[in-house]
Amino acid sequence: MANRTSTIFTVASATVLAGLVAYVVYFDYRRRNDTEFRKKLRKDKKRVTKQHAEAEEAAKVAVKVSPEDLKAALAKVRDEEVPTSPEDKEQYFMTQVGLGEQLCAQGPNFYLPAALSFYRALRVYPSPVELIVIYQKTVPEPIFNVVMELMNMDVKARVEGYYNVFPRKSMNVSVRPAPSDSLRKILVVEKDFKAGEVIYKEEPTVAVLDADLQKKGTHCSHCLRDIQKGMAICPTDRLDSVYCSKDCQVRSKVQSQNLLFGLDSVLPPELDNGTGRLTEQERDRAQTQFAAYIKNSTRAAPLLVARFIARQVAIETAKMMPKKEGPLADEFVNADKTDAEYSLYDHVERLRFLDGKVSDEETKLLKDVLAAALPGLEQSLTSERHAMYIGKMTYNAIGVCFAGGRDDKPTPKERPEDQERTRTPYGTTRQIGSGLYPVSSYIAHSCAPSARPSFSSGTSELHLIATRNLEKGEEVTMAYVDVTQHPNETLAEARRRRRIELARGWRFKCECTRCVEELAAARNAAGEAGSESESDVGVQKDESKVEDVVQRVERGAKLTMPAAGPID
Ligand SMILES: C[S@@+](CC[C@H](N)C(=O)[O-])C[C@H]1O[C@@H](n2cnc3c(N)ncnc32)[C@H](O)[C@@H]1O
């Protein structure tokens, strides 16, 4: 039993994340608001329970399926087309559950096809954890075990297959386990590059302007472009956003601005049944309070997180649309590009982070905005999850800098150890904004980097430039901080400055070749006893982490799964 429940937990936590947004956007929304839909689900559960008793006797015979047969059966199911529109998904779900019940009643010879039907239903149901719990109570145990085995194999294949499709081939790089620790990841080039060549270009998933520039209205709130005087498009919005073009305005609205700071429906008419929605005044009130909080904040992370959640909704909604057109068309392209199997959260789930600081007030304000836009959406934002989101944005964001950066950014008021930092060789104080770049998030720091980010198109589009010749398979690194030796610094002072910066911002001790070589040379010169102290750098070991579920699933492929208590 312990084994069985631990499997459920592992599988459930790995899949619940993927289903989270879709769950809110459609199924759960309907289940809570649509009595017909609820009735159907209840009836279904009753019917299965009745048949359960009849099948109980036969169920004592275990299903004997070889792992090879199971693998082949799963491969077949994975190759099948699944419906995309909500109605078709619902129909498919009902049909498969019905078929599963019928096959189940035919006796042990039909247990494998029965399990496959239940499994097909599970694949399209956006709240798999809940359905697993229902199955556990209603489906005969041998069949349930096969369903769980299928689920386990599928999750494993999905997790293991992620880095086969991400980053997509055209980006010329791939993510590899670090030689020192397989849970650590590095980025390597997939072909040779000459110094100065562009390795890839990457658009941010979400980006925000620095607070002072957002107020001034000198840069586009969407692509961060510098706008010539008098050329800005200025819609009235609660954040006082301005845009460089109609195109940026529309993209911004579709991706996040409407959900967070606008009053149009978040769902397209095909998916919107309107029930449960708060009034326009209530939505307005929630947004006004959140906008005031954002305007008062000098940090980028709160808005990056809000935009990230909103963008997940936009992409998941686009995936559900039967026709790939209309204002969501661009999000469709994004959804397709990142492969239909993986959601935006899949990309962020794997990123390293330190827990961020978030106040109850900040969580409440954002929850209110989400609830007002789409009731139920706020449920996915617990304070722990919010802190983790904030941590992930802060830990991985890259500073957007044009032509070496600016020097008019207001001096931060926080203590150096509390300041928000982005990864940029020019220094966070010279940037105009911050962005989250899923592929570039994997680039490790080096004080002698093999690449550098450039924003030469004058927008937040990142161009990764090789700083020296690179051979296929070599690691791509960039400087997270200013690694140059300033004219007034000794070699040791420059090293100490950059290592303290890295420790403050990212809580790791730099192990790049330059630091290793410089430290070894310093030790040799001074003799072991006189070697310089590193204790004041401020960090003894790498304090960053990955989500438990990623660690468990990645390690779980090789190790035994931890036991968990019963689920009900
Ligand atoms: C933004 S992430 C980069 C991707 C990360 N390596 C991963 O496993 O996903 C930053 C983390 O990478 C590791 N890292 C990057 N550069 C490093 C360096 N020069 N020395 C030691 N660790 C480094 C540290 O674990 C740090 O927490």
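Analyst: Two strands are said to pair if DSSP finds at least two bridges between them. The strands themselves are DSSP runs of E with at least two residues, and helices are runs of H or I with at least four, both numbered from the N terminus. The model is predicted: local features need pLDDT of at least 70 and side-chain atom pairs pLDDT 80 or more, while totals for chains, interfaces and linings use all residues. Residues are numbered from 1 along each chain as its sequence is written.

User: What makes β8 and β9 a pair, and in which sense do they run?

Analyst: Four bridges join strand β8 (residues 451-454) to β9 in the antiparallel sense, and the definition asks for at least two, so the two strands pair. Within this pairing, Ser454 has His463 of β9 as its bridge partner. Strand β3 (residues 198-202) also pairs with β9, antiparallel and over four bridges, with Tyr200 opposite Leu464.

User: Why is Val481 called buried?

Analyst: Val481 has 23 other C-beta atoms within 10 Å, and the threshold is 20 or more, so Val481 is buried. Val481 lies in the loop between β10 (477-478) and α16 (491-506). Leaving aside neighbours within four places in sequence, Val481 is in contact (C-beta atoms, placed from the backbone, within 7 Å) with Arg498, Glu501 and Leu502. Over the chain of 568 residues, 40% count as buried.

User: How do you know that α3 lies largely in the open?

Analyst: Of the 13 residues of α3, the number buried is zero, so this helix lies largely in the open. Helix α3 (residues 67-79) reaches 18 Å from its first C-alpha to its last, close to the expected 18 Å, where the expected span is 1.5 Å times one less than the number of residues.

User: Why are β4 and β5 described as standing at the edges?

Analyst: The strands form an open sheet of three in the order β4-β6-β5, with antiparallel pairing. β4 (206-209) and β5 (398-400) each have a single partner strand, so one side of each is left without a neighbour in the sheet. Neighbouring strands of this sheet are turned by 25° against each other on average, direction ignored; axes are lines fitted to C-alpha atoms, for helices over the stretch in contact, with angles from 0 to 180 degrees between N-to-C directions. β4 and β6 (residues 433-436) run antiparallel over four bridges, and Leu209 has Gly433 in β6 as its bridge partner. Helix α11 (residues 301-320) packs on the sheet, touching β4 and β6, and its direction makes about 145° with that of β4.

User: Which residues come nearest to the ligand?

Analyst: Lys185, Ala444, His445, Glu511 and Ser544 come nearest among the 17 residues around the ligand. A residue is near when its C-beta atom, placed from the backbone, lies within 6 Å of the molecule. β2 (181-189), α15 (383-396) and β7 (444-445) each supply at least two residues of this shell.

Terms used
Contact = placed C-beta atoms within 7 Å. Buried ≥ 20, exposed ≤ 12 C-beta atoms within 10 Å, placed from the backbone.
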